[in-house]
Amino acid sequence: MFKKFFSASPASAEQPAAPVRTPLADLTKKAAYSLQKSGLSGQRAAVYLVLDRSGSMRKYYSDGTVQYLAERILGLARNLDDDGAVPVTFFSTEVDGTITVSVDDYAGRIEAAHNGMGHMGRTHYATALRAVLEQHRQSGATAPALIVFQTDGNPDDRAEVISLMHEIVGENEEEAVDAFVAFVAFGKKVDFLRTLDVLGLRADHVSLFQADEPEQIADEELYDGITHEFVPWLRSRQLAGR
């Protein structure tokens, strides 16, 4: 079943200091340790990052939280992906733009791309998810897709998202899309994501890591939160001979 992995909110009303941002080489090591704990050492996956550009996300771009998330996901991809690069899709009402971050070109890339995209719209998940699934299909990759999907709000296209989730799972293994969606929720206004547990899907291809205060999340906590449900999904995929 879909398990929710929540980050703890600080017990004190006093704002704690933000964690020191870790260099990419050390992020790569931390991601490797998380994968090792989960039994994923040596596993291959094509890693994608989807970033919310709805209006409420403005502060997370301006304070560098989204940029740092991309660096953390790049650290994860260096352990899972054969090219160690991460395609990034920005979305709001539509797909706002795409870039790729890599070990040789990641510093400041998210902020620069975001600043060049202009208007921040509404929150339409499905358009972005479909774009990434098509990108994975066209890539010809044989490894499954791990789509890290960041958002801070409920979608305006709920019915379409639910329909797409059923499409990804398919009626049987032969019809299933070889993709796992790891939602990373900033803040608490994401109750829709918690309803995915009651959709009656044939397979559990989604997870939720909820970061009430994303600027306070430790690297290890984020990695464990992203990978904890990816493991049983991969095992069920392997048992099905995929």
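Predicted model: local features only at pLDDT ≥ 70, side-chain atom pairs only at ≥ 80, totals over all residues.
**Aromatic pairs across the fold**

Residues are numbered from 1 along each chain as its sequence is written, and side-chain values use heavy atoms, with hydrogens and water left out.

The protein chain has nine helices and seven strands; these are DSSP runs numbered from the N terminus, with helices (H or I) of at least four residues and strands (E) of at least two. Of its 242 residues, 52% count as buried, meaning under 20% relative accessible area with a 1.4 Å probe, protein chains only.

Now for the rings. Searching the whole structure turns up 10 aromatic pairs, where rings of Phe, Tyr and Trp (its six-membered ring) pair if their centres lie within 6.5 Å, and count as stacked with planes under 30 degrees apart, edge-to-face over 60 and tilted for the rest. One of them is the tilted pair of Phe91 and Phe149, at 5.1 Å centre to centre and 40° between the planes. Phe91 sits in strand E3 (residues 86-91) and Phe149 in strand E5 (residues 145-151), so this pair ties together parts 58 residues apart in sequence. Both Phe91 and Phe149 are buried.

Tyr125 and Phe183 have ring centres 6.1 Å apart and planes at 35°, so that pair is tilted. Tyr125 and Phe183 are both buried. Ring pairs join Phe91, Tyr125, Phe149, Phe183 and Phe192 into a cluster.

Note on methods:
Buried < 20%, exposed > 50% of the residue type's maximum accessible area, 1.4 Å probe, protein only.
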